Amino acid sequence: MSTAVSVVKFNENSESIKEAVEKCDGLSELRTDDKVLIKPNLVFWDRVYPFPKYGVLTTTILVEEVIKLLKEHGCSNITVGEGSMEFKELGSSTKEAFDGLGYSKLEEKYGVELIDFNDGPFTKVDLDGGDISLDVSDHVLNADFIINLPVLKTHSTTKVSLGLKNLKGCIDTRSKMFCHHDKISLDHFISKLGKKISPDLTIIDGIYSLEKGPFINGKAHRTDILVASKDCFGADVVGSEILGFSPEDIFHLKDYQENYDRSFDEIKITGEDIEDVKTPLEWDWEWLEDNSGPPVFKKLGVEDLFYPKYDNTLCSGCSFLNNAMLILLLDAYQRGPFQDMEFLSGKRMVSEGGYDKTVLLGKCAVNLNKDNSKINEKIEIKGCPPTLSKIASTLKENGIEVKEKAYYQYRKSLFKQYEVDKDKFREGDFLL
């Protein structure tokens, strides 16, 4: 068995997208009366802070051009669906993302339907012979033809976030959190979910790629690459190689290969040579050797604080907020050092004591350490996930004078780095 995967350079017009689909024969099994579901990657939205979308979200250019191809094919029953992270404080929801990206115009121009998976309904789907199950959107389960539109990006825990990983947006919030299990790896969930949903066409949006993703604190690159295949596994194998990884080192691809009798050598590439388009990107954030914090701790002379590195039990909400809390703490420390504190998160970090105060971020860390007698004084930042304002107020109540403005300035600096090269980084690629 050989799997056709097309690799095409994006030339800022619809023809390159059409070429990518045709080279892998992507619509050959699509019937005109099929219920077609398009699943972009709209991981979250933000209408409060400056928000660089490059490499974070699927470009609206790609979504619209795929809809045009479907209309040309004769399809009329087309849905665009997603289940974005919900942060009321930041205005993050699927509906906000749809509005911010101009998807209402897709409804008007092409008659497509917009669906927020978070609204349900869901059906419990067994993934592993009865051992684990997740609640999958009925809109996904009832679709006849699923088109998966992930972004070409690396990921701070799974190394890459491509087609298989994008399907995590098809499950409910509780299931998304469950995937960040303390005993079952996130990669295993991704592998199993990919087999259960099994998209009919995957197009990896590499117009922009993201280093140290999946969020806005990563570094975006303009890469102008499209990867397409009827086989999501094959697309991800090629996407991983373009990002500079051996697919054997991507645990969810290795898991998929071993469990479903696949081979990394069965891929047949059409179009560009991988070596000509390869863009190796880093995925991991460095941490000090003693695990006390990121390298900036040493640079700024931060001492007597223990901020251990996140692990894969930290779900997306707390992961996003973990970065925000770190920015607030670093700013506050420079104005007046606070000492002898540790900051724990996720489902595995148990305090060993030895600090005056232990800060616990989120419900999981709070519950895990609720009976921990080694802790001298607990500072519990409750919530699942907490809010940014809750983090700030709790830290202030405990003598750490954080300023929310510091986080705004940080986000502004992330956005401004792309404004210096507007010829490459275009907001218009995400707007209708």
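The structure is a predicted model, in which local features need pLDDT of at least 70 and side-chain atom pairs count only at pLDDT 80 or more, whereas totals for chains, interfaces and linings use all residues. Residues are numbered from 1 along each chain as its sequence is written, and side-chain values use heavy atoms, with hydrogens and water left out. Helices (H or I, at least four residues) and strands (E, at least two) are DSSP runs numbered from the N terminus.

Strand β1, which spans residues 3-9, is mostly covered, since 5 of its 7 residues are buried, where buried means under 20% relative accessible area, exposed over 50%, and partly exposed in between, with a 1.4 Å probe and protein chains only. Strands are taken as paired if DSSP finds at least two bridges between them. Strand β1 runs parallel to strand β12 (residues 267-271), to which 5 bridges join it, and V7 has G271 of β12 as its bridge partner. With strand β11 (residues 219-229), by contrast, β1 pairs in the antiparallel sense, over 5 bridges, and here S6 stands opposite A228.

A further set of strands, in the order β13-β14-β15-β16, forms an open sheet of 4 strands with parallel pairing. Strands β13 (305-306) and β16 (378-381) stand at the edges with a single partner strand each, so one side of each is left without a neighbour in the sheet. Strand β13 is joined to strand β14 (residues 341-345) by 2 bridges in a parallel arrangement, with L305 opposite M341. Residue M341 of β14 in turn has K357 of β15 as its bridge partner, and the two strands β14 and β15 run parallel, joined by 5 bridges. The pairing of β15 with β16 is likewise in the parallel sense and extends over 4 bridges, among which V359 is partnered by I379 in β16. Because 4 of the 5 residues of β15 are buried, this strand is largely enclosed by the rest of the structure. Helix α15 (residues 388-397) lies across β15 (357-361) and β16, and runs at about 160° to β16.

Two packed helices are described by the angle between their axes and the distance between the axes. Axes are lines fitted to C-alpha atoms, for helices over the stretch in contact, and angles run from 0 to 180 degrees between N-to-C directions; angles under 35 degrees count as roughly parallel, over 145 as roughly antiparallel, 65 to 115 as roughly perpendicular and the rest as oblique. Helix α8 (residues 186-197) packs with helix α10 (residues 251-259) at an angle of about 50°, the axes lying 8 Å apart, and the two helices are therefore oblique to each other. Their crossing is right-handed, a crossing being left-handed if the near helix is turned anticlockwise from the far one by less than a right angle, and right-handed if clockwise. With contact meaning heavy atoms within 4.5 Å, α8 contributes D187, H188, I190, S191, K192, G194 and K195, and α10 contributes F251, H252, D255, Y256 and N259. These residues divide into 3 nonpolar, 5 polar and 4 charged, where Ala, Val, Leu, Ile, Met, Phe, Trp, Tyr, Cys and Pro count as nonpolar, Asp, Glu, Lys and Arg as charged, and the others, Gly among them, as polar. Residue H188, found in helix α8, counts as buried because its relative accessibility is 16%. Not counting residues up to four places away in sequence, H188 touches D128, I132 and D255.

Helix α10 also packs with helix α9 (residues 232-242), at an angle of about 140° and with the axes 11 Å apart; α9 and α10 are therefore oblique to each other. The crossing of α9 and α10 is left-handed, and F233, D236, V237 and S240 of α9 meet L253, Y256 and Q257 of α10. By class, this contact has 4 nonpolar, 2 polar and 1 charged residues.

Helix α13 (residues 316-335) and helix α16 (residues 404-419) have axes that come within 9 Å and cross at roughly 115°, and these helices are therefore roughly perpendicular to each other. Helix α13 passes α16 in a right-handed crossing, in which F320, N323, A324, I327, L328 and D331 of α13 meet E404, A406, Y407, Y410 and R411 of α16. The residues of this contact divide into 7 nonpolar, 1 polar and 3 charged.
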